[in-house]
Amino acid sequence: MPTWGLLFLLSAVAQAIQDCPAPCTCQALETMGLRVDCQGQGLMALAALPAPTRHLLLANNSLHTVPPGAFDHLPQLQVLDVTQNPWHCDCGLTYLRLWLEDRMPKSLSSVLCASPEHAAHHPLDQLTGYQLGNCGWQLQASWVHLGVWWDLALAAVAVLGLALLAGLLCISTEPWPETRTQSHPSLEAAHQSLPILPSSNHHKPPK
């Protein structure tokens, strides 16, 4: 790596350390990136994390859930410790589960649920999608409004398709007009030119 590139990365890391969230401590790693230690700080929600975060320690806090996309701005994140938190294991925790399954699948067994009742004291990896629930992602207001129009458009297309299908069925069930066989003019002329033969039945004279 060129010297100027290394200096740029070092300056970026130094700036990120200055932007470290107040309850946490940040330390530069030898492999570049930051080690952000937020353990035992009583956090009830995630703090604003610096982009170069590579190791994130969130153990022994009061976290209940992780919002969707919470780690999307941390492309270097490789190590995540979320143990010893009172996790509420419903559909709101789906993002955390999918993130751990993709990057740290072995750590799922150490993430214990505190609530709801049916999931309490169970590791996150033992819960099925049905047990987590299916409440879906919360859309922004603009997307919700757009979704209504999208549903209306789909309904209109469905109605149009049914109307076309009904029209095709009506056409296929109508009786076809009878076709009359028309004699060719040359055949009619040939028939008229034939001589008329006398009848073979002769009447006997009366006795």
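Biologist: Let's start with F71: buried or exposed?

Modeller: Buried, because its relative accessible area is 2%, and under 20% counts as buried. Keep in mind that this is a predicted model.

Biologist: OK, and which residues is F71 in contact with?

Modeller: If you skip neighbours within four places in sequence, F71 is in contact with L46, L56, V66, L77, L80, Y95, L96 and W99.

Biologist: I spot some aromatics there. How many aromatic pairs does a search of the whole structure find?

Modeller: Two aromatic pairs turn up. One of them is F71 with Y95, a tilted pair at 6.1 Å centre to centre with 40 degrees between the planes.

Biologist: Where do F71 and Y95 lie?

Modeller: F71 is in the loop between β3 (53-57) and β4, while Y95 is in helix α2 (residues 94-103), so this pair ties together parts that are 24 residues apart in sequence. Y95 is buried, as F71 is.

Biologist: And what kind of pair do F71 and W99 form?

Modeller: F71 and W99 pair edge-to-face, with 5.6 Å centre to centre and 65 degrees between the planes. W99 also lies in helix α2, so the pair it makes with the loop residue F71 links parts 28 residues apart in sequence.

Biologist: W99, buried or exposed?

Modeller: W99 is buried, with a relative accessible area of 5%.

Biologist: Zooming out a bit, which residues in the largest nonpolar core touch the most other members?

Modeller: That core has 33 residues, and the ones touching the most other members are F71, L80, W87, C89, L96, L100 and L124. So F71 shows up here too.

Biologist: What gives the most to this core?

Modeller: Helix α2 does, with four residues. β2 and α2 each supply at least two.

Biologist: What do β1 and β2 form?

Modeller: A hairpin, with five residues between the strands. M32 sits in the turn and has a positive phi of about 70 degrees.

Biologist: Switching topic: where is T83?

Modeller: T83 is in the loop between β4 (79-81) and β5 (87-88).

Biologist: Why does T83 count as buried?

Modeller: Because its relative accessibility is 18%, and the cut-off for buried is under 20%. T83 touches L58, A59, N60 and S110, leaving out residues up to four places away in sequence.

Biologist: Now the big picture. How many helices and strands are there in the protein?

Modeller: Five helices and six strands. Along the sequence they follow the pattern α-β-β-β-β-β-α-β-α-α-α.

Biologist: What share of the residues is buried?

Modeller: Buried residues make up 26% of the 207 in the protein. The accessible surface comes to about 15400 Å², and carbon and sulfur atoms account for 63% of that.

Biologist: Last one: what share of the contacts between residues at least 6 apart in sequence join residues at least 24 apart?

Modeller: That share is 40%.

How values were computed: Residues are numbered from 1 along each chain as its sequence is written. This is a predicted model: local features need pLDDT of at least 70, side-chain atom pairs count only at pLDDT 80 or more; totals for chains, interfaces and linings use all residues. Side-chain values use heavy atoms; hydrogens and water are left out. Buried means under 20% relative accessible area, exposed over 50%, partly exposed in between (1.4 Å probe, protein chains only). Contact means heavy atoms within 4.5 Å. Accessible areas come from the Shrake-Rupley method with a 1.4 Å probe; for residues, only the protein chains shown count as cover. Rings of Phe, Tyr and Trp (its six-membered ring) pair if their centres lie within 6.5 Å; planes under 30 degrees apart count as stacked, over 60 as edge-to-face and the rest as tilted. Two strands pair if DSSP finds at least two bridges between them. A nonpolar core is a set of buried Ala, Val, Leu, Ile, Met, Phe, Trp, Tyr and Cys residues joined through side-chain atoms within 4.5 Å.
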